[in-house]
Amino acid sequence: LAGLVGITAGCGTVENWAACCTGLVSGWVYIFGSAFLLRIKIDDAVDAIPVHMFCGAWGLIATGLFSSPRHTLEAFGTDAHVGWFYSLGQDSLDAILLMNQLLGLLFILGWS
């Protein structure tokens, strides 16, 4: 479930290998998030917070890192701003998509 939640944000814009990486990291985010909540004595009987909040946050960040030019062009009609790793591969430091994802995450956390 953690991998499913993690990949949801970027499912239309990432390559298959990036989806696997996102899901793999989501599993670790879930494990460490659940342990963190236990350590600070927050009772979450069904582990909804680690799965939905922590893995969802990772999914937003992963979208800003892994969105490929090809899939971004197909999904949105432009590939002007792609994932940060692809920007670095093109000798560019364009992190606009990543910054927008982080800003969206801050708004979600603020609203919550």
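Biologist: How does C21 count, judged by its relative accessibility?

Modeller: This is a predicted model, in which local features need pLDDT of at least 70 and side-chain atom pairs count only at pLDDT 80 or more, while totals for chains, interfaces and linings use all residues. Residues are numbered from 1 along each chain as its sequence is written, and side-chain values use heavy atoms, with hydrogens and water left out. A residue is buried under 20% relative accessible area, exposed over 50% and partly exposed in between, using a 1.4 Å probe and protein chains only. Because its relative accessibility is 33%, C21 counts as partly exposed.

Biologist: How many disulfides does the rule give?

Modeller: A disulfide is a pair of cysteine sulfur atoms within 2.5 Å. The sulfur of C21 is 7.0 Å from the closest cysteine sulfur, in C20, which is too far for a bond. The sulfur of C11 also has C20 as its closest cysteine partner, at 14 Å, and that too is too far for a bond. By this rule, the count of disulfides is zero.

Biologist: What pattern does the chain follow along the sequence?

Modeller: Helices (H or I, at least four residues) and strands (E, at least two) are DSSP runs, numbered from the N terminus. The chain holds six helices and zero strands. Read along the sequence, the pattern is therefore α-α-α-α-α-α.

Biologist: How many of the 19 residues of α3 are buried?

Modeller: In the chain, buried residues make up 39% of the 112 residues. Helix α3 is largely enclosed by the rest of the structure, because its number of buried residues is 14.

Biologist: With which side chain does the side chain of T13 make a polar contact?

Modeller: T13 lies in the loop between α1 (2-8) and α2 (16-39), and it counts as buried because its relative accessibility is 8%. A polar contact is a pair of N or O atoms within 3.5 Å; within protein, one must be able to donate a hydrogen and the other to accept it, and residues adjacent in sequence count only if both atoms are side-chain atoms. For the side chain of T13 the distance is 2.9 Å, and the partner is the side chain of S67.

Biologist: Which backbone oxygen does the side chain of S26 reach?

Modeller: S26 lies in helix α2 and is buried, with a relative accessible area of 0%. Its contacts (heavy atoms within 4.5 Å), not counting residues up to four places away in sequence, are A2, G3, G6, C55 and W58. At 2.9 Å, the side chain of S26 reaches the backbone oxygen of T22.
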